[in-house]
Amino acid sequence: MIEELRRRLRGLEKPPGLEDGPTALPLGAGAVDTVLGGGLMRGALHEIAASSEAHVAAATGFAMGVAARAAKNAVWIAEEMSALESGALYGPGLDGFGLAPERLVTVAVAQRRGLLWAMEEALRCRAVACVIGEMRHGALDAVAARRLSLAAAESGALALILRAAPEDDASTAATRWVIGAAASTHAHPRFTVALVRNRRGARGQWILEWSDSDGRFALAAHAQPVAQPVRHRPHQKVA
Amino acid sequence: MLSLWLSRFATDRIRRSREIAAPLAVYGRRGNADVLTAVDGAAARIGLTPGLALTQARAMHPALEAVPEDANADATLLDQIADWCLRYTPLVACDAPDGLLMDITGCAHLYGGEAALIADVSARLDRAGFAFAIAVAGATGAAHAAARYGAHGSHANGDERKVLSPLPLAALRLPPDTVASLARVGLKRVGDIIDLPRSPITARFGGAVVRQLDRALALEDEPLSPRLPVAPYAAEQRFAEPIAREEDVLAVTERLAQRLKAALERRGDGARRIELTLFRTDGALRRIAAGTSRPMRDAAEIRALFTERLAALSDALDPGFGFDMARLSVLTAEPCAPEQIGIGGGDETKEINRLVDRLSARLGSQRVRRLIAQDSHLPEIAAAAMPAQATGTDDGWAAFRAYRAAAELAPRPLRLFARPEPIEAVAEVPDGPPLRFRWRRALHEVISAEGPERIEGTWWSEHGGPARDYFRVEDRSGLRFWLFRAGLYRDLAPGDAAPAWFVHGTFA
């Protein structure tokens, strides 16, 4: 009897809409998903850093790709400075990228404290599948990271921290990525993706390609980190 | 209508701010001389009157404390008193420079009748240290006249004639020269003109006399313009014991919201903007407003909204000795379908709206935005970030997608700079893409480029600027930029500088 009640209680406590959903969000590229153990863990904190300030747009693209795959609503929270430094999110661009702008709420905050508060608050909302906080520089203190992880675990949403440059601090994040742009010559955006920390498995380095029509990442056909410009080799097929 | 006249307003204001033993007068410049504009009781007793020259007054009474007038301070204080009077009725109007008008229709019974209400106002003003006179009458003009010319207290509707007759004509709020010319022909009291034929008076003294008389006698309506718009819904509560704790304030807010809910439901409305007014025991007022993204009635949600607002206040909610009254008013109401109510349902839109409300209440509605598409070919205008609480259901993206498909629009960058940033660029051919460019001190070598996509300026606007040629370029390290050249070479006159290059956005 008590067991039965406990079981029912567990069922009630679980946020609706997530019972049948996978706990991992596959990125679409098989090799990467295998290393991740099925995909990016939902209900966990992930750090995405641009390999340098110039590559912020690439890191944004990677995060937006994840958000587009996560479906449902996404919340983008950034300090006011980042819109000036790296530009504000541009609706037509997002739409072309595969993330419908209707699904996005953007929040501008004045300081770090507001950013962390807004992220936690957004993570608690059951209609939000992905919360992206653009933090740019400075360490994420352990308590804040822990709080974000807990809030994400409670709701099952993805918490992404976006940074303008890699930080080497200790963190409770499930994964940490360093993203740069890779030569793509306009076909599909390509990223050099380095998984530098993975709590559940090995690390790795790939060149991924985002396909906006399929809404998935894929391993780039020629995964040479420094590819020669394709236009000088017209006989070679561009993927 | 209740008319409150603060008979020694200017001097009372000064006496409230500092201790003055001597008789007090306020003076101001009238024409070429400093004359007294107001005197306090002590000064009046020693024979000083407004209008007396300051030098003369000083000669008569060297001990006189004379202070220059300050119309701004007077107006500010009068506004504060008007705010404070909101506890009695939402319809409060300033009757400058030293009076207030309150429409207490339907409000007096809350205090147990007009007499009790007057007693309450009197006791509080007395404690605050003001000299005042109060009269209640059916018409604004009558109340105004009665308060200022000695017929204090509450007068029943229809008594206007009796009340006004013995009062001097100046009580009708007529210009001084009209009063003077009426006096010249022996008309000194209101009673003198009440029964006179109207047309000769109008012909001789102008229409104002009859109009003001009619208004005072309640024969003609006189509109009252309240200081603040009257909220369509409001609920209030007085406390026997002042409350000070934030939790108590929130609990009261929820109780009031519960009461508003019934009224809102009856008319099928929901609140879009709500204001909580807290009346402090010392007369100060605290107003806290919160917006919602959709019509809202639920008391628990309203409480949650104010929890965020109180947490976000830059200055703490200073309760002083406590709040003795709270009012929750719905400033803006909109029709709201009944199925939108209730907290149980897991509807996604409702959830996200709730989040938007919470974030907006804490951070400000300007900081929580949604992206909307606008009908423009200029890229910086084609999309805008609007406060999420204000955006409706049509955000324009469906139209944008149709347009993009029809026009085969080239890809757009993921991030756009609010202001295009100037770059130094070298192009191979004048109209072609740049070979290399320098942006933020870094040199980028272009290995591939697509374009140009020509976007013409707006001919109807000076700020539309010249036509722009946009290029999508990729540099050696794979970074992708959206560059444009402002101006075309074909438009250049001889001697013009070459068109400038800008980076407008970055692609993923």
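The model described here is a predicted one. B:Arg440 sits in the loop of chain B that runs between strand S16, residues 434–439, and strand S17. The phi angle of B:Arg440 is near 50°, a positive value in a residue other than glycine.

B:Arg441 is also placed in the loop between S16 and S17 of chain B. For B:Arg441, phi is near 70°, again positive although the residue is not glycine. Most residues other than glycine have a negative phi.

The peptide bond that joins B:Gly451 and B:Pro452 is cis, with omega at about 0°.

## Chain B as a whole

Chain B contains 16 helices and 20 strands. Along the principal axes, the C-alpha atoms of chain B fill a box of roughly 95 × 65 × 55 Å. The radius of gyration of chain B is 34 Å, whereas a compact globule of 508 residues would have a value near 23 Å.

Of the 508 residues in chain B, 38% are buried. Among contacts in chain B with a separation of 6 or more, 56% are made by residues 24 or more positions apart.

## A five-stranded sheet in chain B

Which strands form the open sheet of five strands in chain B, and in what order? The order is S5-S6-S1-S7-S8, and the pairing is mixed. Strand S5 (92–95) and strand S8 (153–154) stand at the edges; each has a single partner strand, so one side of each is left without a neighbour in the sheet. In general, strands of a sheet pair through backbone hydrogen bonds, either parallel or antiparallel.

B:Val136 has B:Ser154, in S8(B), as its bridge partner. A helix also lies against part of this chain: helix H4 of chain B, residues 71–85, lies across S5 and strand S6 (99–102) of chain B. Helix H4 runs at about 155° to S5(B).

## Chain A and residue Glu120

Chain A has seven helices and 12 strands. Buried residues account for 51% of the 239 residues in chain A. Where contacts in chain A link residues at least 6 apart in sequence, 69% of them join residues at least 24 apart.

A:Glu120 belongs to helix H6 of chain A, which spans residues 112–124. Is A:Glu120 buried, exposed or partly exposed? With 19 C-beta neighbours inside 10 Å, A:Glu120 counts as partly exposed, because a residue is classed as buried at 20 or more. Leaving aside residues up to four places away in sequence, A:Glu120 touches A:Arg147, A:Leu148 and A:Ala151. The C-alpha atoms of A:Glu120 and A:Ala144 are separated by 9.5 Å, while the two residues are 24 residues apart along the chain.

Methods: Residues numbered from 1 in each chain as written. Chains lettered and ligands numbered in written order. Predicted model: local features only at pLDDT ≥ 70, side-chain atom pairs only at ≥ 80, totals over all residues. Helix = DSSP H or I, 4+ residues; strand = E, 2+ residues; numbered from the N terminus. Rg over C-alpha atoms; globule rule 2.2 N^0.38 Å. Buried ≥ 20, exposed ≤ 12 C-beta atoms within 10 Å, placed from the backbone. Contact = placed C-beta atoms within 7 Å. Pairing = 2+ DSSP bridges. Axes fitted to C-alpha atoms, helices over the stretch in contact; angles between N-to-C directions.
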